[in-house]
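My notes follow, in the order I made them.

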Amino acid sequence: MNFQQQLAVVEGLGVPPDTQMRMDCPFCQNKNTFTVTTTSNSIGWYCFHASCSAKGKKNGEKTMEYVNVSFKKEDIKPQEEFKLPDSFKIVHSNDKALQYLHENNCWEACMWGRADIKYDVKQDRVVFLVKNPSTNKYAGAIGRGLNSKVYPKWYMYGNKDIPFKCGECKDAVIVEDCASACAVSNILTGIAIMGTSLKESHKKYLEPYETLYVALDRDATRKSYSIASELTSAGFKNVKVKVLHEYDLKCYGTPEIEKMFYGGKDE
Ligand SMILES: [Zn+2]
């Protein structure tokens, strides 16, 4: 990827000015190997993974303009309604998108209207729409690339502070991505935090539930425990970690999810 392409991806992450952030690398997908550092007029990025060549820096007036325009829009009016781009089409218009939904146990949630899912023809992504629970309007969207050339694998459109929620059950489970949130949604409310870090802004969306499970993907069990203890110290009651021994939640259908959370013998 050349500099301009990398820059476009990094700018798309929406990191505010004067911030240093560590996260999963949008280029090589390795966990927590990527840093972005911004000032009011520069943006720099670097991946620590040996196999990854992502790095770059942009300074100067042009960047400052860009940063101001693109960040202020989202930072000052986080409640603003997200207008669906014209490139979002019905999900049935693309076979790969449908296949993704079937293979990742999202189809049922889509069919029953628990999740609003589109296909972005411009970016070749299956797109999960995020609603603001207090206004019931669209606040943003989260798109999963459908071919290996689409970077980053997951892309956030619009508001990045509201987690993706699927389902209306009394208990909720915090998961890494939208597909897992859809997969559980017949049994539990799925809440996707898009990665393994809970944002401060997510917490207010976690309040109305009786039991709050944390079930990040199998390779992030330690992060599940640290999120659970963070929530408990923030005053949340009844937070439990659900350790996934074999696969991520999106690999399971409804009967298996039910058994795992409510019929299991390992608790
Ligand atoms: Zn990388």
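This is a predicted model: local features need pLDDT of at least 70, side-chain atom pairs count only at pLDDT 80 or more; totals for chains, interfaces and linings use all residues.

**A loop side chain, then a helix**

I started with a polar pair: a polar atom of the Asn94 side chain lies 3.0 Å from the backbone nitrogen of Lys96. A polar contact here is a pair of N or O atoms within 3.5 Å; within protein, one must be able to donate a hydrogen and the other to accept it, and residues adjacent in sequence count only if both atoms are side-chain atoms.

Residues are numbered from 1 along each chain as its sequence is written, and side-chain values use heavy atoms, with hydrogens and water left out.

Where does Asn94 lie? I found Asn94 in the loop between strand E5 (88–90) and helix H3 (95–103); helices (H or I, at least four residues) and strands (E, at least two) are DSSP runs, numbered from the N terminus. Asn94 counts as buried because its relative accessibility is 12% (buried means under 20% relative accessible area, exposed over 50%, partly exposed in between, with a 1.4 Å probe and protein chains only).

Next I turned to helix H6 (residues 221–233). Its buried residues are Ser224, Ile227, Ala228 and Leu231. They cover an arc of only 100 degrees around the axis, so they sit on the same side of H6; the arc is that of the directions from the helix axis to the C-beta atoms. On the face turned away from that buried side I noted exposed Arg222 and Ser233. After H6 comes Gly235, with a positive phi near 100 degrees.

Notes. The expected span of a helix is 1.5 Å times one less than its number of residues.
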